[in-house]
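Biologist: I would like to learn how to read helix packing and backbone features in a model. Could we take them one at a time?

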Amino acid sequence: VALVASVGGRSQNHSPKIRIGQIGTMHSHAKGKVRAIRSQSDTYELVGVVAENSKRQEALSQTNAYEGVRWMSEAELLAVPGLQAVAIEAEVSQLVHTAQRCIDAGLHIHFDKPGGDSMSEYRRLIRSAEASQRIVQMGYMLRYNRAFQFMYQAVRDGWLGNIMEIDCMMGKLGDESVREAIGTFSGGGMFELGGHVIDSIIHMLGMPHSVTPFGHQTQGDGVADNQLAVLDFDQAIATVRINHRDPFGCPRRRFPISGDKGTIEIQQLES
């Protein structure tokens with residue numbers, strides 16, 4: 001709201017477009033973000049995109065998502081007059097560092113999941129944003145999902161009674177590039193996908209008393225690809241299953257929640 005409020009005495013109905021850029025193209029949601037920005041041309045002005053290297057830039061220039069965008073260096077983007085926000089779409093290992101440079105430059109950011117692999121660095125980023133009153137919007141693909149919004153209301157208004165269990169699953173069949181990416185993190189597949197459903201669990205039930213993890217490396221490459229986490233609450237037990245060896249992982253993604261008055265089961269999550 002702050003970004004589209006009246007500027008320079010002009011009414012909100014005549015606000016200038018939000019000047020936004022994108023840094024990084026290697027995140028799995030990078031193409032989707034640039035498409036979203038460009039599809040809302042009445043709200044956003046995409047001023048430029050920063051690719052990881054010239055080879056990556058050349059390859060993406062031939063795709064529909066990036067066709068005709070203005071390519072520039074990070075220094076050039078951050079120096080664009082009137083730039084207000086940046087979508088951070090770098091590799092996971094570079095997400096927090098890139099986001100920190102943008103916050104330090106006084107910019108709002110859209111910051112894709114997960115929030116890096118260092119809690120201390122992530123907390124520093126958030127503290128910096130709060131101190132400078134900059135917005136950090138974490139990428140979350142279920143944020144406006146109507147089924148999840150309905151579920152939140154049902155829990156909040158007591159329609160399901162006292163929540164006893166959540167048993168959710170979010171998997172996929174990871175190809176070689178996915179396995180290589182998640183293999184660099186000790187959390188494996190849970191680190192990549194678990195946050196999407198864990199966020200909803202915490203939103204509804206608060207923080208668990210304990211978390212017990214289970215995991216297997218099924219392919220001999222050291223990648224944790226078949227995992228389960230058990231979250232223990234006062235009256236509820238929640239399980240989160242992440243499987244990167246499931247050929248039907250995406251259509252089987254589900255989120256059942258049960259109380260002593262009723263149950264809701266969402267499947268597929270993104271349908």
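The dialogue below goes through helix pairs, a strand pair and some backbone features of this predicted model.

Modeller: We start with helices. Two packed helices are described by the angle between their axes and the distance between the axes.

Biologist: At roughly what angle do the axes of H4 and H5 cross?

Modeller: Helix H4 covers residues 92-104 and helix H5 residues 119-131; their axes cross at roughly 15° and come within 10 Å. Angles under 35 degrees count as roughly parallel, and H4 and H5 are therefore roughly parallel to each other.

Biologist: Is the crossing of H4 and H5 left-handed or right-handed?

Modeller: The crossing of H4 and H5 is left-handed. On the H4 side the contact is made by Val 96, His 97, Ala 99, Gln 100 and Ile 103, and on the H5 side by Glu 121, Tyr 122, Arg 124, Leu 125, Ser 128 and Ala 129. By class, these contact residues are 6 nonpolar, 3 polar and 2 charged.

Biologist: How do I read H6 and H8 in that way?

Modeller: Take the angle again: the axes of helix H6 (residues 146-156) and helix H8 (residues 188-205) come within 10 Å and cross at roughly 25°. That angle makes H6 roughly parallel to H8. The crossing of H6 with H8 is right-handed.

Biologist: Which residues of H6 and H8 meet?

Modeller: H6 brings Phe 148, Met 151, Tyr 152 and Val 155, which meet Ser 200, His 203 and Met 204 of H8. The contact of H6 with H8 holds 5 nonpolar and 2 polar residues, with no charged residues.

Biologist: Now strands. In which sense do E1 and E2 pair, parallel or antiparallel?

Modeller: A general point comes before the case. In a regular strand the side chains alternate between the two faces of the sheet. Here strand E1 (residues 18-23) pairs with strand E2 (residues 44-50) in the parallel sense, over 6 bridges. Gln 22 stands opposite Val 49 in E2. With helix H1 (residues 30-39), E1 and E2 make a right-handed β-α-β unit.

Biologist: Where are the cis peptide bonds?

Modeller: Read omega for each bond. Another cis peptide bond joins Gln 267 and Gln 268, with omega about 5°, and Gln 268 is in the segment after strand E11 (263-267).

Biologist: What is the phi of Gln 133?

Modeller: Gln 133 is not a glycine, yet its phi is positive, about 55°. Gln 133 sits in the loop between H5 and strand E5 (136-138).

Conventions
Residues numbered from 1 in each chain as written. Predicted model: local features only at pLDDT ≥ 70, side-chain atom pairs only at ≥ 80, totals over all residues. Heavy atoms only, no water. Axes fitted to C-alpha atoms, helices over the stretch in contact; angles between N-to-C directions. Helix = DSSP H or I, 4+ residues; strand = E, 2+ residues; numbered from the N terminus. Parallel < 35°, antiparallel > 145°, perpendicular 65-115°, else oblique. Left-handed = near helix turned anticlockwise from the far one by under 90°. Contact = heavy atoms within 4.5 Å. Nonpolar A, V, L, I, M, F, W, Y, C, P; charged D, E, K, R; others polar. Pairing = 2+ DSSP bridges. Right-handed = clockwise from strand over helix to strand, strands pointing away.
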